[in-house]
Amino acid sequence: MTHYPPKLPLRFFRWYCHPKLQDYIEGDLLEVYERRLKESGKRRADLRFIIDVMLLFRPGIIKPIEGSQNLNTYGMYKSYFKIGWRNLVKNKGYSLINIGGLALGMAVAILIGLWVYDELSYNKNFEHYDRIARVMQNQTFDGEVVTWQRQAMQLAPALRNNFGSSFKHIVLSSSTRNPILAFGEKVLTKSGNYMEPGAPEMLALTMLKGSRDGLKDPHTILLSASASKSIFGESDPVGEVLMMDNKMEVKVTGVYKDLPHNSSFKDLHFIAPWDLMVKNENLEERVGWGNSWFQAFVQVADNVDMDLVSSAIKDVKKLNVSDEEGKRFNPELFLHPMAKWHLHSEFKNGVNVGGRITFVWLFGIIGIFVLLLACINFMNLSTARSEKRAKEVGIRKVVGSARTQLISQFFSESFLVSAVAFVLSILLVQLALPWFNEVADKQITVLWTSPLFWSAGIGFAFFTGLVAGSYPAFYLSGFRPINVLKGIFRVGRFASTPRKVLVVVQFTVSITLIIGTLVVFQQIQHAKNRPIGYDRNGLVFIPMKTGEMRDHFEALRNDLLASGVIVEAALSESTIINTGVTNSGFEWRGKDPTMQDEIVTGGVSHEFGKTVGWKIKEGRDFSRDFATDSQGFILNETAVKYMGLENPIGETVRAFGGTYTIIGVVEDIVTQSLYQPVRQTIFYIDAFNRTAFINIKIDPHVSAGKAVAEIESVFKKHHPAIPFEYQFADEEFAAKFSNEERIGTLAGFFAILAIFISCLGLFGLAAFTAEQRTKEIGIRKVLGASVAHLWQMQSKDFVVLIFISCVIAIPIAFSFMNKWLLQYEYRTTISWSIFVAAGSGALLITLITVSFQAIKAAMMNPVKSLRSE
């Protein structure tokens with residue numbers, strides 16, 4: 001198979017290259033490309049080819065333009081680029097600062113741009129992206145409207161019967177707890193969903209084998225390509241029979257292409273028929289309209305307005321529940337479009353208030369500001385060196401150059417720097433992407449083959465050159481030639497004012513980013529230090545894959561206790577860290593008849609309290625010594641307040657079709673978000689086979705590695721055909737902070753780069769200032785000035801600028817971060833120490849940056865600087 005270099009760069013090369021050189025250079029390029037193709041592969045060869053093409057775009061290789069007028073224009077611009085290139089080579093230090101700063105700023109902007117693109121393109125891989133929606137519902141509890149995704153399974157037939165013409169597909173879905181998939185000796189677990197037959201067509205799955213209608217038989221299954229490879233290797237799986245959860249045989253009827261990482265269904269590694277789950281769990285007899293356990297997806301018909309359909313289905317649930325429940329909770333359905341699932345997922349009091357779109361705007365603004373800092377460096381250094389370029393400007397004006405031509409010259413130099421920086425920034429982005437993807441939890445790649453990416457990139461580089469070169473071009477071109485050539489040109493006492501303003505802008509942005517980062521991590525630490533009401537040290541969760549694990553739990557528990565590596569083991573409906581099941585319809589003495597109750601509930605076994613280490617405040621824990629505990633409740637402190645119980649022990653509560661007695665009260669346990677108030681929670685002994693996790697408390701005197709190995713050995717003895725999977729409570733607890741920590745890490749990374757870019761410019765300015773004042777410093781040394789005095793003299797102006805930046809940045813940062821903290825009900829207060837730390841850090845970095853040049857100038861022998869006098 002013949003491979004060719006990227007078409008767009010090759011066309012660009014042929015467009016600009018001199019005809020007399022084109023054949024020779026192109027031949028060499030293609031020859032080198034072929035060699036790299038064999039040595040490094042197509043991807044690296046393409047990258048190196050693009051870099052070579054960009055580096056060849058320079059005076060001497062660019063072709064002339066036909067026509068005398070155009071030829072003169074071409075010669076003029078060629079001259080501009082030659083002069084610009086010579087200035088870069090001549091002033092290597094300033095060139096390095098300019099190009100390096102711009103490259104860093106552009107790399108940050110490109111990284112953020114790729115991240116924003118990935119966020120905005122979320123779910124857009126689906127063909128029917130703009131017609132798919134999730135059915136959601138609002139219900140009212142104590143005057144507050146709560147929004148959730150779950151629906152009753154009866155909703156789908158109700159929608160088909162009453163609004164069938166409005167929908168192309170209506171699909172019920174239920175996620176699974178990574179069920180066991182077994183084929184011969186191969187046993188593993190994969191995440192997937194039970195879905196109705198229309199799901200593959202609605203999602204427009206790309207079928208690699210089989211067809212989309214493979215779910216019509218209830219004993220079938222569709223696998224993703226990666227799941228198929230894990231189970232069957234490279235062989236064709238269609239027609240093979242898998243065993244699910246050691247009890248259900250399903251035949252593979254198709255393999256679909258894995259869904260992309262930036263998709264809500266990225267973990268959909270298999271689809272099993274909805275009817276298989278309904279039959280296996282006997283759902284038709286167990287659940288009704290009051291059990292909102294499942295998700296409902298729809299594809300709206302092509303000729304139907306989604307908003308109108310959303311309004312039409314509003315009262316479907318209300319019409320199918322009792323009048324009392326309808327009046328009490330006022331359930332209202334609506335459609336939430338797929339376009340809003342990822343970026344607009346948060347609801348408050350029934351209203352969509354945004355979501356991740358906030359971070360898209362935030363990082364977009366950060367990217368713009370970091371790039372602006374790099375542009376400011378270019379502006380500052382270009383204008384600071386104005387006296388060096390003054391005679392050149394004067395001579396050009398004397399020989400007839402118009403100001404517009406001089407502006408063109410300086411813009412040409414700016415575009416040259418921007419082009420070199422752009423090439424370098426692409427390399428920096430490629431190097432940074434692995435780390436960036438890991439931190440951001442993304443799978444972003446540089447879009448090498450996308451014309452849109454290169455068009456945006458070239459436009460981006462042009463815009464950066466335009467912004468960075470605008471002020472120097474107009475400033476330098478305005479010099480009066482008569483003053484310059486007479487040697488009486490001086491920049492004036494206020495000439496440095498714009499540069500000082502720009503330095504203040506740089507450090508204001510940088511300090512604001514630093515303060516923001518520190519506040520984010522302070523909020524995370526504040527939540528981590530919150531009392532959680534249980535002991536997560538040594539606590540392990542094992543998901544139960546089958547009902548068999550529940551039935552044989554007592555034997556497993558006894559063997560684990562006999563092993564001596566655990567303190568206790570218990571069952572629970574969900575983990576103590578993520579308890580999300582809620583119920584309503586509780587009745588107790590003194591309850592307000594109009595109260596719309598909603599209480600978090602958790603089914604557990606008797607030893608759960610001892611296993612998790614909760615703290616009894618009143619009454620007692622569950623115990624096997626009391627047979628009546630099967631009808632007992634344990635409440636947390638918030639539930640006692642919520643129910644208005646002064647003496648809760650012994651009070652009775654009607655729930656789940658029976659009467660329960662409150663036997664204990666535990667200290668509040670944080671079972672959901674650590675940033676929100678503790679919710680009212682009731683624990684009970686599970687009699688409904690709802691428990692899904694084994695909780696194990698490891699003996700603190702036994703190492704975790706030894707304990708886990710022994711636990712696995714005992715587990716395999718009882719369940720040899722079930723994969724041993726476990727998770728430490730510490731890991732699940734840490735996952736609660738992943739989003740905030742990810743934002744904080746990225747913001748911190750960008751803040752460090754912003755400071756670094758700002759210091760690059762400051763270093764250059766300090767060097768130039770020291771160079772300008774060389775004779776003054778020499779005279780002061782001769783007159784007895786000490787090194788410390790000279791250092792202070794050169795540093796104080798920069799220190800004043802940083803102080804002004806702090807004065808501006810602190811109120812701006814406080815305003816923004818205080819507003820950000822308001823989204824958390826459990827939040828920290830912004831400490832004054834954060835502002836002191838940020839300001840002191842910026843000042844220290846500034847002094848270190850400036851001191852090198854200041855001390856170097858102060859230590860210079862005055863004889864050298866005064867010799868010319």
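Is Cys806 buried or exposed, and what is its relative accessible area? Cys806 is buried, with a relative accessible area of 11%, where buried denotes under 20% relative accessible area, exposed over 50%, and partly exposed the range in between, with a 1.4 Å probe and protein chains only.

The model is predicted, so that local features need pLDDT of at least 70 and side-chain atom pairs count only at pLDDT 80 or more, whereas totals for chains, interfaces and linings use all residues. Residues are numbered from 1 along each chain as its sequence is written, and side-chain values use heavy atoms, with hydrogens and water left out.

The chain has 30 helices and 27 strands, taken as DSSP runs (H or I of at least four residues for helices, E of at least two for strands) and numbered from the N terminus. Along the principal axes, the C-alpha atoms fill a box of roughly 105 × 70 × 55 Å. Of the 869 residues, 51% count as buried.

Cys17 belongs to the buried residues, with a relative accessible area of 1%. The structure contains 0 disulfides, a disulfide being a pair of cysteine sulfur atoms within 2.5 Å. Cys806 is in no disulfide, and the nearest cysteine sulfur, that of Cys759, is 13 Å away.

Glu825 lies in the loop between α28 (787–821) and α29 (832–858) and counts as exposed at 55% relative accessibility.
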